[in-house]
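Please report on the model below.

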Amino acid sequence: MAAPMTPLFGRKAAPTPAIPAPAIPAATVPDIPAPMAAPPAAPVTPLRTLNRSINDVRAQVLARIDPATVADMPAETLRPLVERLIDDIATAGRCQLNSREQAILATELVHDMIGLGPLEPLLADESITDIMVNGPSRTFAERDGRLVEVPVRFRDGNHLLNVAQRIASAVGRRVDESSPMVDARLADGSRVNIVVPPLALDGACISIRKFARRTIGFRDLIEYRSMSEPLARALEIIGRCRLNVIISGGTGSGKTTLLNAISRMIDPTERLITIEDAAELQLQQPHVVRLETRPPNLEGQGQITQRDLVRNALRMRPDRIIIGEVRGSEAFDMLQAMNTGHDGSMSTVHANNPRDGLSRVENMVLMAGMSLPSRAIRQQIAGAVHVIVQIQRMRDGVRRVTHVTEVVGMEGDVILTQDLFTFEFRGETRDGLIEGRYAATGLRPRFIDRLAHFGQEAAWTAATLGP
């Protein structure tokens, strides 16, 4: 409603005398229906004005709330306070924000104060496994094995940088121009990598590998079409019979998930020691010692590597040593552990096929600086590793076990292997799903005596050859 006009020079206008209307006989009034009144037009708020109002309210709310006071406050307690404050500020400032806009602003503010801002809805979505932020205006997520762009935006580069710095500071690290790369872990265990300018040209980049809230077993992997029932049964036997296993695959192929599934077959009386860069394993046994590497501090001191932890684990009387991922010189110590009475040890490695996985382990042993000939290193590998399980994320988004390969031994300077299970490609459906068959080769493994020792020979025969 327009404000009443103020008379010039502050004087009140003289009242106008009312003139009485002449009386008209009722009979002379025509019987004409009154026109319908048009509905009042809804007020249209320009977008710039609305954005300015939201920004003004946001700034006032942040100015009135001490971040240190609400840092440990649960969202259920903080949200009503923020909503009430927004309503008071909007009413006092006559900001044109309706109830829906106020609720959205309250959610954003709560996420900014005690969460990770616009990323919070993606972190809460259990169907999303990976989140990739490429600057303030482009965000992608992996859902059902496929990458899709999601409508998540940050206000500007500084907003995104603040979220990245909050992630780093939570684990005692910093990320800025002097230290533009950092690996961190969220409170729920999700793994995070951050790269900020000047290395990231279009704004900070955040990559989050979400931590699975529930443990996935072989039954789930069968339902996800990652393996067949006979193949799952064979992997269960491999886990029970204390075979040394290396799981090979590309980034995001499901190596850790498969390692978790195989580890569920371990006897609960065994003492397990896990070694990881970022804790992701979810072992269910009661006697588990979890070790995690430590990066150097701001002065470049105090770093603890995976190799340091593997060496120390050998002094802790482990039954099995499980390394989340072998990346460097710790491969030599892992082989030493497998060859010195710690049967049943497991690890993962990045490789495209089982043969490449063996080559990767050999190259990583060379990174340890050991002046050993290639033949000696390959003999160590052939004597230590029993099985390589290859897993691959295929173009339809499904992660499938493509090979279960046994390391047979050495012939000359070459490591001999034989496939026990393979995935045979057969075609593609109209929906884009790959069709195939998990086939057992029927070859007799060299570790058959170990299967007999654990009473699993008949079960293996049934899984690989049928009843």
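In which loop does Arg-225 lie? Arg-225 sits in the loop between helix 7 (218-223) and helix 8. Helices here are DSSP runs of H or I with at least four residues, strands are runs of E with at least two, and both are numbered from the N terminus.

## Basis

This is a predicted model: local features need pLDDT of at least 70, side-chain atom pairs count only at pLDDT 80 or more, and totals for chains, interfaces and linings use all residues. Residues are numbered from 1 along each chain as its sequence is written, and side-chain values use heavy atoms, with hydrogens and water left out.

## Backbone

Most residues other than glycine have a negative phi, and most peptide bonds are trans. Arg-225 is not a glycine, yet its phi is positive, at about 65 degrees.

The peptide bond from Pro-197 to Pro-198 is cis. Its omega is near 10 degrees. Pro-198 is placed in the loop between strand 5 (191-195) and strand 6 (205-209).

## Helix 8 against helix 15

Helix 8 (residues 229-240) and helix 15 (residues 457-465) have axes that come within 8 Å and cross at roughly 155 degrees. Axes are lines fitted to C-alpha atoms over the stretch in contact, and angles run from 0 to 180 degrees between N-to-C directions. Helix 8 is therefore roughly antiparallel to helix 15. The classes are: under 35 degrees roughly parallel, over 145 roughly antiparallel, 65 to 115 roughly perpendicular, the rest oblique.

The crossing is left-handed, meaning that the near helix is turned anticlockwise from the far one by less than a right angle; clockwise would be right-handed. Helix 8 contributes Pro-230, Arg-233, Ala-234, Ile-237 and Ile-238 to the contact, and helix 15 contributes Ala-459, Trp-460 and Ala-463. Contact means heavy atoms within 4.5 Å. By class, this contact has seven nonpolar, no polar and one charged residues. Nonpolar covers Ala, Val, Leu, Ile, Met, Phe, Trp, Tyr, Cys and Pro; charged covers Asp, Glu, Lys and Arg; the others, Gly among them, are polar.

## Helix 11 and its partners

Helix 11 (residues 330-338) packs on helix 12 (residues 354-366) at about 110 degrees, with axes 6 Å apart. That makes the pair roughly perpendicular. Ala-331, Phe-332 and Leu-335 of helix 11 meet Val-361, Met-364 and Val-365 of helix 12. The contact has six nonpolar, no polar and no charged residues.

Helix 11 also packs with helix 13 (residues 374-384), at about 50 degrees and with axes 9 Å apart. Helix 11 is thus oblique to helix 13. The crossing is left-handed. Leu-335, Gln-336 and Met-338 face Gln-380, Ile-381 and Ala-384 in this contact.

## Cavity

What volume does the largest cavity have? It is about 30 Å³. A cavity is a set of points on a 1 Å grid over the protein atoms alone where a 1.4 Å probe fits but cannot get out. Points join across faces, edges and corners, and the volume is the space filled by probe spheres set on them. The count is one cavity of 30 Å³ or more.

The lining is Leu-420, Thr-441, Gly-442, Leu-443, Trp-460 and Thr-464, each with an atom within 4 Å of a point. Three lining residues are nonpolar, three are polar and none is charged. Trp-460 lines this cavity and also takes part in the contact of helix 15 with helix 8.

Conventions. 1 Å grid on protein atoms, 1.4 Å probe; cavity = no way out; pocket = protein on both sides within 12 Å on 5 of 7 lines; lining within 4 Å.
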